[in-house]
Amino acid sequence: MTAGVTKTTAGTDWGKADFEAIYNCPDPRRYFTTLQPLDYQIPHHGQAVFRTVTETLTRHRSDRPPLNVVDLCCSYGVNAALLNHQLSLSELYDRYTALRPDAPTTRQLVDEDRTFFASRRRAESVRITGIDAADRAVGYAREVGLLDQGFAENLETDAPSPELRRALAGTDLITVTGGVGYITARTFGHLFDSVDTPPWVAAFVLRTVSYRPVSALLARAGLVTEKLPTRTFRQRRFADGDERRGAFEALAGHGLSTTGKEADGFYHADLYLSRPAADVAALPLEELLPD
């Protein structure tokens, strides 16, 4: 078992390893040092996809810039860092896993990160609201300037606060790279109850998880969901043999083969994009994101 993974839990459908200990630390260092040995890479894939989607949406809605993006399960603002800054995921790993004799306190790291990210801000940046149940992670991302607004709220158990409802009103795009399964159609229902116009939704979803309940809810809101048919995306390596066996059993239960995918030792995710039918007809997903 990788360091930082406390146990294999039965809290999910297939016994996914429990990384609870790294999700709400005072700063991101433990998160990155734990996930680097597992080659956690889905934010890297999200960076390319979300930039393409936001550029398309910006052209589509040029009458009201800047674009408003809501990142679900935002954690320490990793997706925000990659979307709005001249940075790669490997550079974030290097930054937070480097062994330094003068290892900064969290307070010092906040100050350093605020300068670091500000110096790498892209001119094409968008406004990002982050939502995550982990209050310290959201607070860190907000304090260093990765999130324009951040809310430590659990929309699986509670309706959005009045402040979050106001922040959601003008949402153009909802993104998520790893939370579906922990969050369900219940969270998406709360979000869509709070928006003026249905936003686009771009979601990376592990193949062990069914996206049907969420896509059905989005359909009722007037959105058509496409799944990218040409490829899947590696998320991370399996933490141990138990997790691998559990994932294979879950995939078999969904009637999915692991050949050419999870057989390589990694979780694989599908990409779903939900949009109004007119937008889908004008630019199908395979044209928006050629392989």
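## The chain as a whole

Of the contacts in the chain with a separation of 6 or more, 76% link residues 24 or more positions apart (contact means heavy atoms within 4.5 Å). This is a predicted model, where local features need pLDDT of at least 70, side-chain atom pairs count only at pLDDT 80 or more, and totals for chains, interfaces and linings use all residues. Numbering starts from 1 along each chain as its sequence is written, and side-chain values use heavy atoms, leaving out hydrogens and water.

The chain has twelve helices and ten strands, taken as DSSP runs numbered from the N terminus (helices are H or I, at least four residues; strands are E, at least two). Buried residues make up 53% of the 291; buried means under 20% relative accessible area, exposed over 50%, partly exposed in between, with a 1.4 Å probe and protein chains only.

## Strand 7, wrapped up

Now for strand 7, residues 200-206: seven of its seven residues are buried, so the rest of the structure largely encloses it. W200, A202, F204 and L206 point one way, while V201, A203 and V205 point the other. In a regular strand, side chains alternate between the two faces of the sheet.

## Its neighbours

Strand 6 (residues 173-176) runs parallel to strand 7, joined by four bridges; strands pair if DSSP finds at least two bridges between them. Here I174 sits opposite V201.

Strand 10 (residues 266-276) pairs with strand 7 in the antiparallel sense, over six bridges. In that pairing, A203 has Y272 as its bridge partner.
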